[in-house]
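Hi there,

Here is the structure I promised to pass on.

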Amino acid sequence: MAEKLVTTPTQTPNDEDAQNENIRCLTTLGHFGFECLPYQLVNRSIQQGFFFNILCVGETGIGKTTLINTLFNTNLKDNKSSHFYSNVGLKVKSYELHETNVQLKLTVVKTVGYGDQINKEASYQPVVDYLDAQFEAYLQEELKIKRSIFEYHDSRIHACLYFISPTGHSLKSLDLLTMKNIDSKVNIIPLIAKADTISKSDLQKFKNRIMSELTNSGIRIYQFPSDDETTTHVNPSTNGLLPFAVVGSMDEVKVGKRIVRGRHYPWGVLQVENENHCDFVKLRDMLLCTNMEDLKEHTHFHHYECYRCRKLQNLGFTDVGPDNQPVSFQELYETKRQEFQDQCQWEEEELKQKFMQRVKEKETSFKDAEKELQDKFEHLKKVQQEEIMKLEEDRRQLEEEITNFYKMKTASEPGPTQAPSTKKDRDRKK
Ligand SMILES: Nc1nc2c(ncn2[C@@H]2O[C@H](COP(=O)(O)OP(=O)(O)OP(=O)(O)O)[C@@H](O)[C@H]2O)c(=O)[nH]1
């Protein structure tokens, strides 16, 4: 640590008085130079405040809210969820917390109705969609021309507390399915919830079984880092404690002369902050004191980076061309624009052809219909003419018969009475 001593040269009393006013006195043991950089960072961070986003995944009533309250030593009000939701949902709430002069904007995202449906196959999907949506929102902000990354409310999830039921048996298929689907998107910290319901010996066996099931299924959980000075001593032993067996409680219980947070049972008191009773303190230390920044960095540099990379590749962006040479953004843009124009032209051509084809088809079908109608008309006309001719013939025959009839009648009558003339006779007379 650099120290600076203030030395002043020998002067006459009058000069001394005149100059004393201009001397800037530095205190001994004060810091100077670039060794002060960390203090600038600390001061600025304290001014800006911190933020942390936690996702709690676990069955309804498994103790998510109680644990978050216990972790942050505050009562984050939340209503109990129903067991009768037809789908899994997510409840997002943000809180402004203060501890001495440190401000923390905490966002807690909790599953609702998780594990309550008969068909649990798609229960993990809302969680996956939520994680992706937060990455997408951040990516959109990053891609903007006028970005405001500093003011932007970063909602990407930094830690997922996965609550495992204290069955003492093994993981459920839903646990494995969900963790498998989110392990590349979020830092998973597995917890055995309500660990006060399992005996000590059962708990160790349960922990071992869970870890071997996770390894066998290829599920990657968050590994507490052990490569820097601060974390080297704490984290390796902590990784061995996973999954943390936790107990949550906001109740204050009297143990001897002390008031502690705990759960009071007929047989005694379980102290939440007693490391012999559960791993709560280890979890709190790991999550909040030692690794919060690492969780955030891992989210940004690993999970978000994978998402961004996948997304840009899907959009056709690439860093190197087919000849393995770096491709400039301008070149890529021009190529993509050309490709897009070609594609548009091709689609336009195809649409035109389709349109012409359809017009032709319609024309042919109209012509066929017209011909059919014409044929029908001709046929009906012919039938009608035949009908008229037939009727004319019938009329002629009828008139002949009437004439013959009157002739016969006249011939058979004795007097000179004249037979009534037929219509033809009358016409002739006229
Ligand atoms: N034995 C035991 N009970 C607990 C523990 N943590 C919470 N509980 C109890 O479990 C019940 C449900 O706790 P919550 O914290 O509301 O559970 P939750 O998962 O947030 O519930 P929902 O938000 O409704 O899904 C409450 O009665 C708690 O007192 C624990 O560690 N051990």
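This is a predicted model: local features need pLDDT of at least 70, side-chain atom pairs count only at pLDDT 80 or more; totals for chains, interfaces and linings use all residues.

Lys194 uses its side chain instead: an N or O atom in it is 3.0 Å from a ligand oxygen. Arg263 faces a nitrogen atom of the ligand, with a polar side-chain atom at 3.2 Å.

You will find Lys194 in the loop that runs between strand S5 (188-192) and helix H6 (200-216).

Asn73 is another non-glycine residue with a positive phi, here about 50°. Asn73 sits in the loop between H3 and strand S2 (89-99). For context, most residues other than glycine have a negative phi, and most peptide bonds are trans. On that last point, the peptide bond joining Leu242 and Pro243 is cis, with omega about -10°. Pro243 belongs to the loop between helix H8 (235-239) and strand S6 (244-245).

Now to the helix packing, where I have two pairs for you. Helix H3 (residues 64-72) packs against helix H9 (residues 280-290) at an angle of about 70°, and their axes are 10 Å apart. That angle makes H3 roughly perpendicular to H9. The crossing of these two helices, H3 and H9, is right-handed. On the H3 side the contact involves Leu67, Thr70, Leu71 and Phe72, which meet Phe280, Leu283, Arg284, Leu287 and Leu288 of H9. Sorted by class, that contact has 7 nonpolar residues, 1 polar and 1 charged.

The other pair is helix H4 (residues 125-143) with helix H10 (residues 292-314), whose axes come within 10 Å and cross at roughly 80°. H4 and H10 are therefore roughly perpendicular to each other as well. H4 contributes Asp132, Phe135, Glu136, Tyr138, Leu139 and Glu142 to the contact, while H10 brings Thr299, His300, His303, Tyr304, Tyr307, Arg308 and Lys311. Here the residues divide into 5 nonpolar, 3 polar and 5 charged.

That is everything from my side for now. Happy browsing!

Best wishes

How values were computed:
Residues are numbered from 1 along each chain as its sequence is written. Side-chain values use heavy atoms; hydrogens and water are left out. Axes are lines fitted to C-alpha atoms, for helices over the stretch in contact, and angles run from 0 to 180 degrees between N-to-C directions. Helices (H or I, at least four residues) and strands (E, at least two) are DSSP runs, numbered from the N terminus. Angles under 35 degrees count as roughly parallel, over 145 as roughly antiparallel, 65 to 115 as roughly perpendicular and the rest as oblique. A crossing is left-handed if the near helix is turned anticlockwise from the far one by less than a right angle, and right-handed if clockwise. Contact means heavy atoms within 4.5 Å. Ala, Val, Leu, Ile, Met, Phe, Trp, Tyr, Cys and Pro count as nonpolar, Asp, Glu, Lys and Arg as charged, and the others, Gly among them, as polar. A polar contact is a pair of N or O atoms within 3.5 Å; within protein, one must be able to donate a hydrogen and the other to accept it, and residues adjacent in sequence count only if both atoms are side-chain atoms.
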